[in-house]
Amino acid sequence: MDRWVGKVAVVTGASSGIGAAIAKDLAKAGMITIGLARRVERVEQLKQDLPKEAAGRLHAMKCDVSVETDIERTFQRIRDTYGGVDVLVNNAGILRSVNLLDVGTTADIKAVLDTNVTGLVLCSQRAYQSMVERKVDGHIVHINSIAGHSVPNFPKLNIYPGTKHAVTAITEVMRQELRAAASKVKVTSISPGGVRTEIFEGVDVPEDMAMLESEDISEAVLYVIGTPPHVQVHELTIKPVGEVF
């Protein structure tokens, strides 16, 4: 991680769960960390969990990644204030727990697609542009899901597995484009199993279901971005012991 000390990391969906854990760990690792979220006050509160020096490296910015103008404005602000983006962690993701075939779920479907797919791509475009402009061999990390590789037998996942399958394909498309451009920018998909976060609120989860903690995923982010320049972790799957999926 030494190469990233003093560099800029952007984490989407940083207000809670996996994103909050990643933002805190990157700040502790020495990176200037920009936590993007709609609930920006919750990112500010994360500083209370950090040593003073690390807290000073964590900065909150309000951004809804489902809104393109929000993304454009935020990345311009990051450029103007911090110079650009060296590491992007696309963590923002939502789940709407309704049946896919139920009539009247159009708004839910669009919200999940706009956040989990379109927002991820738009943030990646702007981060990559920043890296190219400054000749930085940066890293783009997508927080994917095991639902991006198979469809768990779990009720009311709706379009969520479809969006995560899209992230799996998007990761490979980006890898191929980066290779064609002779770029040293890396792209990685991290696919956790069930993680104990707010995404499961309102979802009927069995009490004995094996679950990961958010910190398990943030440690994985530190690992993949800390690999040597010639090493690219393309896909990292993490499951809790005893997971049934």
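Helix packing and nonpolar cores in a predicted model

Q: What makes up the contact between helix 1 and helix 7?
A: In this predicted model, Gly17, Ile18, Ala21, Ile22, Asp25 and Leu26 of helix 1 meet Ser214, Glu215, Ile217, Ser218, Glu219, Val221, Leu222 and Ile225 of helix 7. These residues divide into 8 nonpolar, 3 polar and 3 charged.

Q: Why are helix 4 and helix 5 called roughly parallel?
A: The axes of helix 4 (residues 68-82) and helix 5 (residues 106-133) cross at roughly 25° and come within 10 Å. The cut-off for roughly parallel is under 35 degrees, and therefore helix 4 and helix 5 fall in that class. Helix 4 passes helix 5 in a right-handed crossing.

Q: Which residues make the contact of helix 4 with helix 5?
A: Helix 4 contributes Glu68, Ile71, Glu72, Phe75 and Arg79, while helix 5 contributes Gly119, Leu122, Cys123, Arg126, Ala127 and Glu133. By residue class, this contact has 5 nonpolar, 1 polar and 5 charged.

Q: Why does Val10 count as buried?
A: Buried means under 20% relative accessible area. Val10 has 0% relative accessibility, so Val10 counts as buried. This residue lies in strand 1.

Q: What does Val10 contact beyond its neighbours within four places in sequence?
A: Val10 is in contact with Ile34, Leu36, Phe75, Ile78, Val85, Val87, Leu88 and Val89. Phe75 is 65 residues from Val10 along the chain, yet their C-alpha atoms are separated by 9.4 Å.

Q: Which residues have the most contacts inside the largest nonpolar core?
A: They are Ile22, Leu26, Val89, Ile143, Ile190, Ile217 and Ile225, in a core of 33 residues. Elements giving two or more residues to this core include strand 1 (8-12), strand 4 (87-90) and helix 7 (214-225). Helix 1 gives the largest share, 6 residues.

Q: What does Val89 touch, not counting residues up to four places away in sequence?
A: Val89 touches Val10, Val11, Thr12, Ile22, Leu26, Val141, Ile143 and Val221. A second, separate core has 27 residues, among them Phe75, Ile78, Val85 and Val185.

Note on methods. Residues are numbered from 1 along each chain as its sequence is written. This is a predicted model: local features need pLDDT of at least 70, side-chain atom pairs count only at pLDDT 80 or more; totals for chains, interfaces and linings use all residues. Side-chain values use heavy atoms; hydrogens and water are left out. Axes are lines fitted to C-alpha atoms, for helices over the stretch in contact, and angles run from 0 to 180 degrees between N-to-C directions. Helices (H or I, at least four residues) and strands (E, at least two) are DSSP runs, numbered from the N terminus. Angles under 35 degrees count as roughly parallel, over 145 as roughly antiparallel, 65 to 115 as roughly perpendicular and the rest as oblique. A crossing is left-handed if the near helix is turned anticlockwise from the far one by less than a right angle, and right-handed if clockwise. Contact means heavy atoms within 4.5 Å. Ala, Val, Leu, Ile, Met, Phe, Trp, Tyr, Cys and Pro count as nonpolar, Asp, Glu, Lys and Arg as charged, and the others, Gly among them, as polar. A nonpolar core is a set of buried Ala, Val, Leu, Ile, Met, Phe, Trp, Tyr and Cys residues joined through side-chain atoms within 4.5 Å. Buried means under 20% relative accessible area, exposed over 50%, partly exposed in between (1.4 Å probe, protein chains only).
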